[in-house]
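Hi,

Here is the structure I said I'd pass on.

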Amino acid sequence: MVFKCANCQGRNSIYISELSLNFDAVNSHEGAMRSGTHYGVIEELSCGNCGEDCSVTLEIWEYPIGADNQNEISIDKSEIIEAPDYVENFWNQYHRVWDDYYEEPDLDSIRNR
Ligand SMILES: [Zn+2]
């Protein structure tokens, strides 16, 4: 991502690998017909030029489950010039964790019992 520092107007380029992208579920709601989750993470960054701190908030709303319904990136002081492709990154990560959790049973070992 690229952001412009509010203090010195310098441009900063941050690789997506430099972000933690450690999303937490902010809240989830469940009902008869609808359920969904709001994920968010706050990344603390500082300007490489003047050292001014800023924080970037990345948010994803999942509704219905499994769908990327809405996403938003915001920064407190500076200005986002180029947003990172964090949404695709999030879903790749999310589905990998999910797949691990629901690991397929080893059918051969069950049959051979
Ligand atoms: Zn700066």
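Predicted model: local features only at pLDDT ≥ 70, side-chain atom pairs only at ≥ 80, totals over all residues.

Lys-4 sits across from Arg-11 of S2. The strands S1 and S2 pair there in the antiparallel sense, over three bridges. Strands here are DSSP runs of E with at least two residues, numbered from the N terminus, and two of them pair if DSSP finds at least two bridges between them.

Residues are numbered from 1 along each chain as its sequence is written.

Now the sheet. It is an open one of three strands in the order S2-S1-S7, with antiparallel pairing. S2 and strand S7 (79–82) are the edge strands, each pairing on one side only. From one strand to the next, the twist averages 30° (axes are lines fitted to C-alpha atoms, and angles run from 0 to 180 degrees between N-to-C directions).

Two loop residues are worth a click as well. Gln-9, in the loop between strand S1 (2–4) and strand S2 (11–13), has a positive phi of about 65° though it isn't a glycine. Gln-9 counts as exposed because it has 12 C-beta neighbours inside 10 Å (12 or fewer is exposed, 20 or more is buried, in between is partly exposed, with C-beta atoms placed from the backbone). Leu-21, in the loop between S2 and strand S3 (24–30), is another non-glycine with positive phi, near 50°. With 15 other C-beta atoms within 10 Å, Leu-21 is partly exposed.

Cheers

Definitions and conventions
Helix = DSSP H or I, 4+ residues; strand = E, 2+ residues; numbered from the N terminus.
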